[in-house]
Amino acid sequence: MSADPIYTLSDLEKWSFNGTALAVLGHPIKHSISPPMHNAALAEMARTEPQFKAWRYFRFDIPPDDLPRALDLFREKKFLGLNLTVPHKTLAVKHVSKIDDAARPIGAVNTLKNTAPGWHGYNTDGYGLSAGIRETLGCNIQEQHIILLGAGGAARGAAVECRQRATPSLWIGNRTKENLDALLKDIGSSSAHPASPRGFDPHNPPVDLPTGALVINATSAGLRPTDEPPIDLSRIPRPAAVYDMIYNPPETRLLAQARSLNIPAANGLSMLIHQGARALEIWSERPVPVAIMRDAATAALNQGK
Ligand code: NDP
């Protein structure tokens with residue numbers, strides 16, 4: 001998927017790099033296309049601002065038990081910024097010295113910036129989701145009734161984004177009721193939005209789901225080609241559009257069903273690109289070349305086929 005080397009904690013212990021280092025850490029990390037996406041953007045930025053020639057984005061496989069030690073070492077080795085992916089987004093929260101307002105209610109961070117007092121934590125996933133949906137489906141989520149599927153980390157970020165943007169309604173469907181109830185409880189009192197989010201069983205969708213909603217899949221159902229779709233679109237009032245956070249494979253069975261019903265549909269690549277672009281803006285304090293990031297991410301995904 002990406003030719004970039006995968007570094008480990010022991011590489012970090014003896015790390016030496018004469019430039020501005022950025023990295024993504026996860027476990028596993030071999031699926032990540034963030035290095036080619038960010039390094040392409042940095043190369044483009046270096047064309048007009050030569051200091052970016054010395055910036056480089058790496059990837060590290062860090063098991064969760066090693067996260068505290070790794071975060072200390074990344075600071076010691078003067079990394080400017082980090083992206084966090086599974087399983088570190090929630091674990092890292094207790095290691096930041098400051099947390100951004102948008103990240104606090106989510107309880108998860110995907111971007112860290114090295115500042116004098118310590119790591120400053122951000123969550124750019126919600127921004128990436130809204131920007132990705134606007135770009136690919138032409139809709140602003142604050143104007144949409146939302147049917148959100150899932151109750152894990154990604155769904156939590158999406159639900160908080162919907163609450164903060166005061167979407168007209170928010171329906172959340174999840175396979176496991178306990179996880180759904182926990183998410184509803186956590187987000188229920190976190191915003192001034194008057195219309196409370198409502199939960200449902202995706203195998204038994206309620207009749208009062210809104211017509212013309214935006215369906216967002218934030219489950220991992222679809223990562224494997226044999227996965228059943230998280231909902232049968234023919235059993236709910238006709239949605240306006242379907243956004244699947246999964247981007248690999250590029251067409252899940254949910255997206256295939258949406259297309260067969262002539263419902264506009266898009267995969268999660270645009271979310272990945274926009275969350276990454278916002279992270280690079282946070283580190284560089286500059287606008288970043290999103291189109292270059294998109295081309296690099298698409299090329300890296302195609303290489304992995
Ligand atoms: P989590 O493991 O935290 O949550 C998984 C969710 O998927 C749970 O709600 C789980 O339901 C549900 N689920 C898993 N398998 C099935 C199934 N077979 N049928 C129905 N529901 C299922 O994962 P994340 O929230 O971190 O990630 C979810 C998805 O979002 C992943 O596919 C990930 O790749 C994608 N994602 C994409 C991003 C992007 O930039 N495009 C960014 C972040 C995530 P239950 O509670 O019942 O177990």
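This is a predicted model: local features need pLDDT of at least 70, side-chain atom pairs count only at pLDDT 80 or more; totals for chains, interfaces and linings use all residues.
Helix 2, spanning residues 34-48, packs against helix 10, which covers residues 290-303, at an angle of about 145°. The axes of helix 2 and helix 10 lie 8 Å apart, and the crossing of the two is right-handed. Helix 2 contributes Pro36, Met37, His38, Ala40, Ala41 and Glu44 to this contact, while helix 10 contributes Ile292, Met293, Ala296, Ala297 and Ala300. By class, the residues of the contact of helix 2 with helix 10 comprise nine nonpolar, one polar and one charged.

On the side of helix 5, the contact is formed by Asp125, Tyr127, Gly128, Leu129, Ala131, Gly132, Glu135 and Thr136; on that of helix 9, by Ser270, Met271, His274, Gln275 and Arg278. The contact of helix 5 with helix 9 divides into four nonpolar, six polar and three charged residues.

The ligand is surrounded by 21 residues, of which Ala151, Ala154, Asn174, Thr176 and Asn179 are the closest. For Asn174, a polar side-chain atom is placed 2.8 Å from an oxygen atom of the ligand. Backbone atoms also take part: an N or O atom of the Gly152 backbone lies 3.5 Å from an oxygen atom of the ligand, and a polar backbone atom of Met245 is 2.9 Å from a nitrogen atom of the ligand.

How values were computed
Residues are numbered from 1 along each chain as its sequence is written. Side-chain values use heavy atoms; hydrogens and water are left out. Axes are lines fitted to C-alpha atoms, for helices over the stretch in contact, and angles run from 0 to 180 degrees between N-to-C directions. Helices (H or I, at least four residues) and strands (E, at least two) are DSSP runs, numbered from the N terminus. A crossing is left-handed if the near helix is turned anticlockwise from the far one by less than a right angle, and right-handed if clockwise. Contact means heavy atoms within 4.5 Å. Ala, Val, Leu, Ile, Met, Phe, Trp, Tyr, Cys and Pro count as nonpolar, Asp, Glu, Lys and Arg as charged, and the others, Gly among them, as polar. A residue is near a molecule or strand if one of its heavy atoms lies within 4 Å of it. A polar contact is a pair of N or O atoms within 3.5 Å; within protein, one must be able to donate a hydrogen and the other to accept it, and residues adjacent in sequence count only if both atoms are side-chain atoms.
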